[in-house]
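Student: I have a model open and would like to learn how to read it. Can we take it feature by feature?

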There are 6 protein chains.
Amino acid sequence: MFPNKRVQGMVGKRVHVEMKGERNVLEGVLTSVDDYLNLYLSGANEVENGERKRLLGSVVVRGNNVVLINPLKE
Amino acid sequence: MFPNKRVQGMVGKRVHVEMKGERNVLEGVLTSVDDYLNLYLSGANEVENGERKRLLGSVVVRGNNVVLINPLKE
Amino acid sequence: MFPNKRVQGMVGKRVHVEMKGERNVLEGVLTSVDDYLNLYLSGANEVENGERKRLLGSVVVRGNNVVLINPLKE
Amino acid sequence: MFPNKRVQGMVGKRVHVEMKGERNVLEGVLTSVDDYLNLYLSGANEVENGERKRLLGSVVVRGNNVVLINPLKE
Amino acid sequence: MFPNKRVQGMVGKRVHVEMKGERNVLEGVLTSVDDYLNLYLSGANEVENGERKRLLGSVVVRGNNVVLINPLKE
Amino acid sequence: MFPNKRVQGMVGKRVHVEMKGERNVLEGVLTSVDDYLNLYLSGANEVENGERKRLLGSVVVRGNNVVLINPLKE
């Protein structure tokens, strides 16, 4: 199963996303994703050292700036 | 609804945009957007620590350098 | 009007361009632009803290390294 | 044999992946890969100075942020 | 004239190239260029503070990592 | 001769590759290359200040993270 299908399989689940740029770790519910790995997260928080640092709410993340994504254990 | 459609749904609203590069947070009214997430913002300000730092006015932001975008509460 | 059309509307005018990389702010006359936001600037200067730091003359800037572009007031 | 075919030949094996961004070295079993070098790793760990630093588990890595990949000796 | 045509017009001339990455300024004769602004330079030198720091000779530079290019006065 | 053809002409030869990211200089035999400048190097070493720092062996490098490549004198 290709990597982008793996990400599609995470829709509806809470995910951990590491990105390029200053604010680099987000957690939230993956609500939609396209083939470029552009992500739409709801209930997203910025996370630092495993703690919630800032509530972002609904946010669109551009795929080319995503370094990695994995599902959060629930 | 795909992530780029979510951004199109923000047209006409004030948005918060985090980018790569030295000046990394902008707020302004999203006036147009294309499929690459290139953005045209009007009344844009550079923001630092939640405060307006510099008035940019009308500005085009290149999509690949957008890390995330979300709507501002009004 | 899409963001790239907005940039085309700046042709012939002085623009402010912020880029990724070490030397990150340029000002000059936008002489041409393509769909990738590759820019050709004439009479370009590198700018630091609002002051001209270095004359570059005619310069081609690659679009993917453009963070933002806006017209300069005249 | 083209570079992407070389990576396909690593499927099922443990690989070492160096990426752009804050957390830059991963090791895990390469479970799938596509033509963009998007990777799906299982049993992945973040590695620092050759030691396991953090268990990530199953993770999707976006290809454009992969700097290099090589097979681990077993 | 589009920006990439401007660069094609520099073939055979000495150019100044600023790039992303650790070693960020090169000067050399532009021998060929393609539509992605991949460059082939001959007699290239790495330059720091306007002085030649290291002879590279013939070098291929990948276009997406080119920030700007301009012709050197002769 | 276009830049990517120049790189194809280096196949079978030892090359010097500078990349984005933490570990930024590699040397090895260029075994294959594609149109994106994805590289497959064999006998690759990470190099720092002109000295071999770490043996990588066979490694795939993603083209968009290659800053420059040139042949090593033999």
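Student: Why do the copies, chain E and chain F, meet through different surfaces?

Tutor: Only 14% of the interface residues of chain E are also interface residues in chain F, so the copies meet through different surfaces. Contact here means heavy atoms within 4.5 Å. Before we go on, two ground rules. This is a predicted model, where local features need pLDDT of at least 70, side-chain atom pairs count only at pLDDT 80 or more, and totals for chains, interfaces and linings use all residues. Residues are numbered from 1 along each chain as its sequence is written, chains are lettered from A and ligands numbered from 1 in the order in which they are written, and side-chain values use heavy atoms, with hydrogens and water left out.

Student: Which rotation and shift superpose chain E on chain F?

Tutor: Two copies of a chain are related by a rotation about an axis and a shift along it. Superposition is by least squares on the C-alpha atoms of residues with pLDDT of at least 70 in both copies. For chain E on chain F, the rotation is 60° and the shift along the axis is 0.0 Å, with an RMSD of 0.0 Å. In chain E, E:Asn64 has the C-alpha nearest that axis, 6.8 Å from it.

Student: What rotation superposes chain A on chain D?

Tutor: A rotation of 60° does it, with 0.0 Å of shift along the axis and an RMSD of 0.0 Å. That is the relation of a six-fold axis. A:Asn64 is the residue of chain A that comes closest to the rotation axis, at 6.8 Å (C-alpha). Only 13% of the interface residues of chain A are also interface residues in chain D, so these copies meet through different surfaces.

Student: Where do the closest C-alpha atoms lie for chain A and chain F?

Tutor: They lie 12 Å apart, and no contact joins the two chains. Chain B and chain F also have no contact; their closest C-alpha atoms are 14 Å apart.

Student: How many residues are in contact between chain E and chain F?

Tutor: 21 residues of chain E are in contact with 23 residues of chain F. Next, look at area. Buried area is the accessible area (1.4 Å probe) that two parts lose on being put together, summed over both. Between chain E and chain F it is about 1,700 Å², and carbon and sulfur atoms give 54% of it.

Student: Which side chains meet in a salt bridge there?

Tutor: The test is a side-chain nitrogen of Lys or Arg within 4 Å of a carboxyl oxygen of Asp or Glu. The rule finds one salt bridge across the interface of chain E and chain F. E:Arg54 and F:Glu18 form it, at 2.9 Å from N to O. On the side of chain E that touches chain F, strands S2 (25–33), S3 (39–48) and S4 (51–61) each give two or more residues. S4(E) supplies the largest share, six residues. Strands are DSSP runs (E, at least two residues), numbered from the N terminus.

Student: How do strands S2 and S3 of chain B run?

Tutor: Two strands pair if DSSP finds at least two bridges between them. S2(B) (residues 25–33) and S3(B) run antiparallel, joined by six bridges. B:Leu30 has B:Leu41 in S3(B) as its bridge partner. S3(B) also pairs with S4(B) (residues 51–61), in the antiparallel sense over eight bridges. There, B:Tyr40 has B:Val60 in S4(B) as its bridge partner.

Student: Why is S3(B) largely enclosed by the rest of the structure?

Tutor: Buried means under 20% relative accessible area, exposed over 50%, and partly exposed in between (1.4 Å probe, protein chains only). Seven of the 10 residues of S3(B) (residues 39–48) are buried, so the strand is largely enclosed.

Student: Is A:Leu37 buried or exposed?

Tutor: A:Leu37 is buried, with a relative accessible area of 3%. A:Leu37 is in the loop between S2 and S3 of chain A. Check the backbone too. Most residues other than glycine have a negative phi. A:Leu37 is not a glycine, yet its phi is positive, about 65°.

Student: And what is phi of B:Asn49 near?

Tutor: Phi of B:Asn49 is near 50°, again a positive value in a residue other than glycine. B:Asn49 lies in the loop between S3 and S4 of chain B. At 73% relative accessibility, B:Asn49 counts as exposed.

Terms used:
Helices (H or I, at least four residues) and strands (E, at least two) are DSSP runs, numbered from the N terminus.
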